[in-house]
Protein chains: 2
Amino acid sequence: MRRHRRRPSSEFGSDSEADEAAGTMKCVSCRDEYEPRDAGTCRECYEEASETEEELKREIEDLKSKVSFLKFWTPFDHYHHRSTPCFSDIVLVASDDDSGKPASNPVPVSAHKAVLASRSPVFRAMLENEMEESLSGTIKISDVSYDALRAFVNYLYTAEACLDEQMACDLLVLAEKYQVKHLKTYCEKFMVSKLNWESALVNYAFAHQHNAKNLLDAALSLIMDNMDKLSKREEYMELVEKDPRIVVEIYEAYLSKQVNTAAHKDSPSKS
Amino acid sequence: MRRHRRRPSSEFGSDSEADEAAGTMKCVSCRDEYEPRDAGTCRECYEEASETEEELKREIEDLKSKVSFLKFWTPFDHYHHRSTPCFSDIVLVASDDDSGKPASNPVPVSAHKAVLASRSPVFRAMLENEMEESLSGTIKISDVSYDALRAFVNYLYTAEACLDEQMACDLLVLAEKYQVKHLKTYCEKFMVSKLNWESALVNYAFAHQHNAKNLLDAALSLIMDNMDKLSKREEYMELVEKDPRIVVEIYEAYLSKQVNTAAHKDSPSKS
């Protein structure tokens, strides 16, 4: 990356005096010489900026230690030595279909009502109003795999998750359902970072279904850059069949963008 | 703070061309001109540093949102509407003396075993081993005021405390007793920031008693800078009466510093 400039043969005092006399300057950061057109900051501003950077780094250290203090040991920590209690007062059970019936042999995921209620307003309402789940001590989570449920609960305790594309989808769905905003943002960021033209349409439909605004905008923007190829894609045909209204929205957005662009092009010449 | 340098009458193009010809440079941050001896960075390093600063700021935002996600609503949030449960499974009671007997009319502080055990290895051992406290559902905290106990429990849930000098002492004692390192560091930082010669000896003795290494070092350093005034202070006489060994340690540290300083002074002339 760095362009190497003419470097003096020695790095000591006499050279810098010679530099000053010649009007060239030496960067206090990379130690290279530079000419007026490459001038960055004066020394005072450089020192102020360095102080700022130090302060920011200290703040980051403080925040990291706060995060590690606030992170919970999860009930999972206790799986290896089941004899010790973890004071959990509720279990979550994954069920593979929408009926809420548990899968054939479900492994319950232990948790604490206080943690669930503190992280999700949906759990809070469910537990505080002493609905069936609170009384029975079991919350059934429909249409989710055991792995996704476990990752979801783990996130509620630690604000951390190990994502791949499938897991990001699964967790975003859960985050949306249980209103865990922080997790939803986390998954959306990951999905936006993985977005490409091949996956844009599927992601657009997914984002639509789960109110993922950032993902929706990013996917729509990618689609609009490739409108000529759109109608040839298999996913496009499927989407027209399944949910034509959101295909209409793509065309509406595209048209509105075209109108805007045209207006922009016109306005400077008129003024 | 900022020294204002010679500023050109106009800030536009022709000037900067003139500057280049003259060999002076314009700082891209403060827009002032500077001479070779005041040179900070070249443009490339300036741009890299700006990117770094942006990245650090983004990291801070991420960490802040993580902290606010992980922060617990405390049982105190529920005091205003007591009808809703907060799923607490233990109470802490402050007792004013060492015997552990509760104060005449103690207000219990609700908490969750899972939170206490996650933040403090002492609480964890107490609760996991099903000692008396776990079975009775009440932990008696001796020699502490209700306000300090409440602030202590609140810190375990939020990593936040509103400190004054007394509260910092009280919380440091609790943090030491229950091995809540994060809180101990927090109190120590506050106490070091408030340290002065008037309070140095009292803080030194306090730090000694509670293994507060940073506070101890800061107080000792202040004391050693004022050795001539030390023996005249009332707290000094009291300390000699009460705990002469730690007064001896002050003299030992002072002597060792003197020997080191003398050795440093000698060594360059010999080499």
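How many residues of chain A are in contact with how many residues of chain B?

Modeller: This is a predicted model, and every value below is computed from it. In the interface, 69 residues of chain A are in contact with 69 residues of chain B. Three residues of chain A deserve mention at once: A:F69, A:L70 and A:F87 together supply 13% of the area that chain A buries against chain B, more than any other three residues. The area buried between chain A and chain B is about 6,000 Å², and carbon and sulfur atoms give 65% of that area.

The polar side of the interface may be taken next. Between chain A and chain B the count is four salt bridges. In one of the salt bridges, the side chain of B:K64 meets that of A:E59, with 3.7 Å from N to O. The rule for polar contacts finds 18 residue pairs across the interface of chain A and chain B, both residues being at pLDDT 80 or more.

As to the elements involved, those that give two or more residues to the side of chain A that touches chain B are β1 (25-26), α2 (43-70), α3 (113-119), α4 (121-128), α6 (146-158) and α8 (181-194) of chain A. The largest share of that side comes from α2(A), with 19 residues. Sorted by class, the side of chain A that touches chain B has 31 nonpolar, 13 polar and 25 charged residues.

The chain behind this surface can be described briefly. Chain A has 13 helices and five strands. Of its 271 residues, 44% count as buried. Among contacts in chain A between residues at least 6 apart in sequence, 57% join residues at least 24 apart. One strand of chain A, β5 (residues 138-142), includes A:S142. A:S142 counts as buried because its relative accessibility is 15%, under the cut-off of 20%. The side chain of A:S142 is joined to that of A:K177 by a polar contact of 3.3 Å.

In chain B, helix α4 (residues 121-128) has the buried residues B:F123, B:M126, B:L127 and B:E128. These buried residues of α4(B) pack against β3 (90-95), α3 (113-119), α5 (132-136), β5 (138-142) and α6 (146-158) of chain B. Just after α4(B), B:E130 takes a positive phi of about 50°.

Further along chain B, B:N226 lies in the loop between α10 (213-224) and α11 (227-230). With a relative accessible area of 12%, B:N226 is buried. Its side chain makes a polar contact of 3.0 Å with the side chain of B:K229.

The cysteines remain to be considered. The count of disulfides over all chains comes to zero. In chain A, the sulfur of A:C169 has its closest cysteine sulfur in A:C187, at 8.7 Å, which is too far for a bond because a disulfide requires sulfur atoms within 2.5 Å. In chain B, the sulfur of B:C187 has its closest cysteine sulfur in B:C169, also 8.7 Å away and too far for a bond. B:C187 is buried, with a relative accessible area of 0%.

Methods
Residues numbered from 1 in each chain as written. Chains lettered and ligands numbered in written order. Predicted model: local features only at pLDDT ≥ 70, side-chain atom pairs only at ≥ 80, totals over all residues. Heavy atoms only, no water. Buried < 20%, exposed > 50% of the residue type's maximum accessible area, 1.4 Å probe, protein only. Contact = heavy atoms within 4.5 Å. Buried area = accessible area lost by both parts, 1.4 Å probe. Polar contact = N/O pair within 3.5 Å; in protein donor to acceptor, adjacent residues only side chain to side chain. Helix = DSSP H or I, 4+ residues; strand = E, 2+ residues; numbered from the N terminus. Nonpolar A, V, L, I, M, F, W, Y, C, P; charged D, E, K, R; others polar.
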